[in-house]
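Let us read a structure together, one feature at a time. Look it over before the dialogue starts.

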Amino acid sequence: MRAALVMAVLCPALLAGCAAAPTLAATPPVGHAELQLVGDWTGAVDERGDGVTDMTVTAAAGDGNDFDGELTFHADGAESTEDVHAEMTPHGHLVAEIGEDASIEVHIVDPKTLAYCFIRYGTDFVYSCGRLVRQP
C-alpha cells in the first residue's frame, strides 16, 4: 500500500519532467573554421617504422575547408617530405593526395589531437595509422 502511494505521488512528478527535448540546431562537424589546423603537428612511426612524423599546416582558406602545408613521412625505411594540399570533407575529415602515389586521411579527435591513416600505393604498399599532436 505504501509503495502504491509513493508511486501515485512520484509518477506524475516524473512525467511532468519528461517533456519533449527541444530541437537543437544542426552544428557542423568539428574541423571546419572552428578549429585552426594551421601550425605544427608531430607523430611517431609504427612498429614497422612507417608513419607520419611531422605535419606543418601553413595556410588555410577563410572557410576552413582547404589547407596547404608540408608532410614528413617514413615508408619502407625512407623519409620523405612532400608539399600537400588538403581539403576538409563535410564530415570533418581532412583528405590529401601526397605526390603521385600516396594519400592521407585525418580525423580530428580534439583540438590538440589528430588521428590519421597514411597510404602509399604501388608495389611497395604502405598502410600506417597513428596520431598527430599539436605542438605549442
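**Contacts, core and charges**

Q: Which residues does Leu71 contact, leaving aside its neighbours within four places in sequence?
A: Contact means heavy atoms within 4.5 Å. By that rule Leu71 meets Val52, Asp54, Met55, Ser80, Thr81, Glu82, Val84, Ile98 and Ile104, its neighbours within four places in sequence left aside. This is a predicted model, where local features need pLDDT of at least 70, side-chain atom pairs count only at pLDDT 80 or more, and totals for chains, interfaces and linings use all residues. Residues are numbered from 1 along each chain as its sequence is written, and side-chain values use heavy atoms, with hydrogens and water left out.

Q: Which residues of the largest nonpolar core touch the most other members?
A: A nonpolar core is a set of buried Ala, Val, Leu, Ile, Met, Phe, Trp, Tyr and Cys residues joined through side-chain atoms within 4.5 Å. Buried means under 20% relative accessible area, exposed over 50%, and partly exposed in between (1.4 Å probe, protein chains only). The largest core here has 24 residues, and Leu37, Val52, Leu71, Ile98, Ile104, Leu114 and Phe118 touch the most other members. Several strands each supply at least two residues of this core, including strand 2 (51–60) and strand 3 (66–75). Strands (E, at least two residues) are DSSP runs, numbered from the N terminus.

Q: Is Ser103 buried or exposed?
A: Ser103 counts as buried because its relative accessibility is 9%. Ser103 lies in strand 6 (residues 102–110). Its side chain makes a polar contact with the side chain of Tyr121 (2.7 Å). A polar contact is a pair of N or O atoms within 3.5 Å; within protein, one must be able to donate a hydrogen and the other to accept it, and residues adjacent in sequence count only if both atoms are side-chain atoms.

Q: What about Glu105: which side chain does its own side chain meet in a polar contact?
A: That partner is His93, at 3.1 Å. Glu105 is also in strand 6. At 40% relative accessibility, Glu105 is partly exposed.

Q: How many salt bridges does a search of the whole structure find?
A: Side chains of opposite charge can pair when their charged atoms come close. A salt bridge is a side-chain nitrogen of Lys or Arg within 4 Å of a carboxyl oxygen of Asp or Glu. The search finds 4. One of them joins Arg120 and Asp76 (2.9 Å, N to O). This pair links distant parts of the chain, 44 residues apart: Arg120 is in strand 7, and Asp76 is in the loop between strand 3 and strand 4. Arg120 is buried at 15%, while Asp76 is partly exposed at 47%.

Methods
Helices (H or I, at least four residues) and strands (E, at least two) are DSSP runs, numbered from the N terminus.
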